[in-house]
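Please open the model in your viewer and keep the selection panel at hand. The tour below moves from the whole chain to individual elements.

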Amino acid sequence: MSIIFIVKKFFVAIMLTIYVVNDTIFKLMDLKRDIDCFLLDLDGTVYFGDRLIDGAKDGIERMKKSKRVIFLTNNSSATRDHYVKKLTGMGIDVTEDDVYTSANATRDWLKTNRPNAKLYIVASPEVQAEFEEAGLYTRSDKPDTVLLTFDKTLDYQKLVKSCDLIKKGAFYIATHPDMTCPVDGGDLPDIGSFMLLIEGTTGKRPDLICGKPYGIMAECIAKMTGVPLSRTAMIGDRLSTDMLFAVNNGIRSVLTLTGETSREDHLKSGMKVDKIIDSIAEWDK
Ligand SMILES: [Mg+2]
């Protein structure tokens with residue numbers, strides 16, 4: 001028996017072992033058994049605008065029977081109360097404790113790391129109030145921090161003031177990076193587009209971004225739920241935020257095909273997610 005033959009046999013055995021181990025790990029990934037907490041993206045995963053995705057209500061009800069479920073959205077244009085009302089109106093039983101937005105992650109980061117920051121906040125009055133209720137200052141005459149949210153009441157004066165402060169060296173925080181917000185029938189300009197406008201004027205990008213895919217959101221979630229991130233799964237429709245958030249932070253990644261990503265998009269991306277489902281309605285099928 002030649003040495004080449006033995007090396008070839010050895011190589012094949014190693015490859016086979018790697019394949020079997022990988023296959024075993026893949027098979028071991030069982031959402032019903034291995035996950036204690038599900039993070040559910042909203043836009044494109046649970047609903048489109050005001051239209052609930054078919055079967056989402058039943059799928060979420062089955063999930064809630066034995067799992068912690070957090071509705072996790074980068075959309076910082078509204079408060080938790082808004083999302084509770086919206087989801088409840090769609091027939092999904094939910095309280096404020098079950099909803100977490102990128103604005104909430106930003107608020108929690110600020111409370112821990114910069115509790116005395118003087119914020120110039122670009123936000124709707126309701127979202128601004130949520131920060132104030134947490135004891136953060138949003139009405140200083142001399143702000144040292146610009147906080148950008150997905151502000152649907154954005155106007156020219158807010159842009160001028162933000163750019164002026166950023167140019168003068170204010171710490172610049174954005175709640176999340178999304179360029180667009182999907183709604184039924186199209187996309188809305190989201191905070192990433194605002195950031196480009198500010199960058200065009202000031203030459204600066206945010207010093208800190210809190211929402212998906214960044215780690216601050218993951219740290220806040222783990223602290224809030226007490227569930228290890230390795231037993232937490234993110235179900236979402238966007239590779240650049242939801243799935244990257246999971247992959248970057250040791251969270252199980254579950255791509256749903258109801259939103260902006262198709263199987264082809266996933267293949268082309270080269271990103272390896274843990275599981276692909278047709279819809280949130282099918283998570284346990
Ligand atoms: Mg989405």
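Begin with the whole chain coloured by domain: the centres of domain 1 and domain 2, taken over C-alpha atoms, are separated by 40 Å. Domain 1 covers 1-33 and domain 2 covers 35-285, with bounds that come from an automatic or database domain assignment.

This is a predicted model, in which local features need pLDDT of at least 70 and side-chain atom pairs count only at pLDDT 80 or more, while totals for chains, interfaces and linings use all residues. For your selections, residues are numbered from 1 along each chain as its sequence is written.

Colour next by pLDDT, the predictor's confidence in each residue, from 0 to 100; the chain has a mean of 92, and 91% of its residues reach 70 or more. Select residues 23-27, where pLDDT stays under 50 and the model has 0 contacts beyond four places in sequence (a contact means that the C-beta atoms of two residues, placed from the backbone, lie within 7 Å). Where pLDDT is low, the predicted coordinates should not be read in detail.

Now display the open sheet, in which 6 strands pair in parallel in the order 5-4-1-12-13-14; strands (E, at least two residues) and helices (H or I, at least four) are DSSP runs numbered from the N terminus, and two strands pair if DSSP finds at least two bridges between them. Strand 5 (99-101) and strand 14 (275-277) are at the edges with a single partner strand each, so one side of each has no neighbour in the sheet. Zoom in on strand 4 (residues 68-73), which pairs with strand 5 over 3 bridges, and find Leu 72 opposite Tyr 100 of strand 5.

Move on to the hairpin of strand 9 and strand 10, which has 2 residues between the strands and, in its turn, Gly 185 with a positive phi of about 95°. Strand 9 (residues 180-183) and strand 10 (residues 186-189) run antiparallel and are joined by 4 bridges, and Pro 182 has Asp 187 as its bridge partner.

Ser 102, Ala 105, Asp 108 and Trp 109 of helix 5 meet Ile 216, Met 217 and Cys 220 of helix 9.
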